[in-house]
Amino acid sequence: MISVDIEKKLRAYKGQQVLKIAAQFPAGSITKIYGPSGSGKTTFLKIIAGLITPEKGKITVNDTVWLDTDDKLSLSPQERRTGFVFQNYALFPNMTVQQHLEYATDDPQWINRLLTIGQLETFAEHKPEYLSGGQQQRLAILRAMAIKPKLLLMDEPFSALDPKMKSEIIAELKPLWAELEMTVLIVSHNPQELQGLTDRELVISFES
Amino acid sequence: MDLTPIWLTLKLASITTLVLLLIGLPLAYWLSKSRSIFKIIIEAVITMPLVLPPSVLGFYLLLAFSPQHGIGKWLHDTFDVQFVFSFQGLILASVIYSMPFMIGPIKSALQQLPLSLSQASYTLGKTERQTFINVLLPNIRPSVLTAVILTFAHTLGEFGVVLMIGGNIPGVTRVASIAVYDSVENMDYSSANTYSLILFSITFVMVISVFVFNKYKAKSPLE
């Protein structure tokens, strides 16, 4: 069980806003997080990953406290080791597809399996600048999964994929998430997207 | 014709560049990340040699490291090291004088990299050091090369600061730029011309190489 209760002041278009979220995610669940642009969806994921620190809050993951502002406790992103798919992919321009995965894991069989899932076997030696938008996005997903995280945070992970590729990769990913007992949070700005994939939903909006 | 000043200049520029590369990479990384007031002060101090007359910097270094008082006396008495009128002094002065040329391009390149690159590396469990070596550094290679070449070329051309702290001791502190001045003073235009031509050629080739190696990525040598 992942339990999150955080409060973070953010500068927004209408002045300062407060992002206030209290939610629980059962282990192994897949949750869709949606809300309007600028509502703090990305910030929420980054707070969980330890990339942004909120003013107030507590995050507990399977009985381990990741963050407790009252106790001034905050595990580093390295200690939390969440799989994170960035909205802008955040691929490393100097590394090939294969090197991206090797940077994350030293298990060659796992790397080959990931390359097959992402249909990137023939692009293993390509650097990101020679990949299409969809291929880059798939690589970002594979890299995040390469560390076999217990918690996978995905920020608009399927936005650059065509409908066919999207359903193919989702069909591959879903059983894999179950196999690895991953808890998955997927941010999307479109409430209709991901229907059938997720089993829970969290709507984010600002509290003025 | 005595080519010692040319060799001395190349030796000085090589050592200065190496020292600055070792200091510059971590310092530029820290400056690119820090938001403290302390950072602004450090940054201002590093930038000062760009605008300060070299003779002023040389004068202060001369005062600071004079073996008669202060730090200079302590260094002389404790470690038997003398920075004034010595080659070590030239290295120290050059490191301070050329520092903005090493730090500037590296810091600005690091700041231009998306923050998400290091964040992605951290979430993969990599330390800050691993991230710097494997992700950040390889992606700012053209700027590091620019910084190295500019630092080297700039050190070749030092005059005021070197003259103030090093003087004009043949074989020890008489670098090429001082040899040019000295030759002109002695009406030896032929030697001045040779030294100048060698310095001009080396510097020109180095600046050209920045553009060639970076495949025209650099819009200006100071980028």
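**View 1. A right-handed β-α-β unit in chain A of the predicted model.** Strand β8(A), helix α6 (residues 163–179) of chain A and strand β9(A) together make a right-handed β-α-β unit, where right-handed means that, with the strands pointing away from the viewer, the path from the first strand over the helix to the second runs clockwise. Helices (H or I, at least four residues) and strands (E, at least two) are DSSP runs, numbered from the N terminus. This is a predicted model, in which local features need pLDDT of at least 70 and side-chain atom pairs count only at pLDDT 80 or more, while totals for chains, interfaces and linings use all residues. Residues are numbered from 1 along each chain as its sequence is written, and chains are lettered from A in the order in which they are written.

**View 2. The parallel neighbours of strand β9(A).** Strand β8 (residues 151–155) of chain A runs parallel to β9(A) and is joined to it by five bridges, with L151(A) standing opposite T183(A). Strand β3 (residues 30–34) of chain A also pairs with β9(A) in the parallel sense, over five bridges, and here I33(A) has V187(A) as its bridge partner. Two strands pair if DSSP finds at least two bridges between them.

**View 3. The two covered faces of strand β9(A).** In β9 (residues 183–188) of chain A, six of six residues are buried, that is, 20 or more other C-beta atoms, placed from the backbone, lie within 10 Å of the residue's own. In a regular strand the side chains alternate between the two faces of the sheet. T183(A), L185(A) and V187(A) are buried on one side, and V184(A), I186(A) and S188(A) on the other.

Technical notes. A residue is buried if 20 or more other C-beta atoms lie within 10 Å of its own, exposed if 12 or fewer, and partly exposed in between; C-beta atoms are placed from the backbone.
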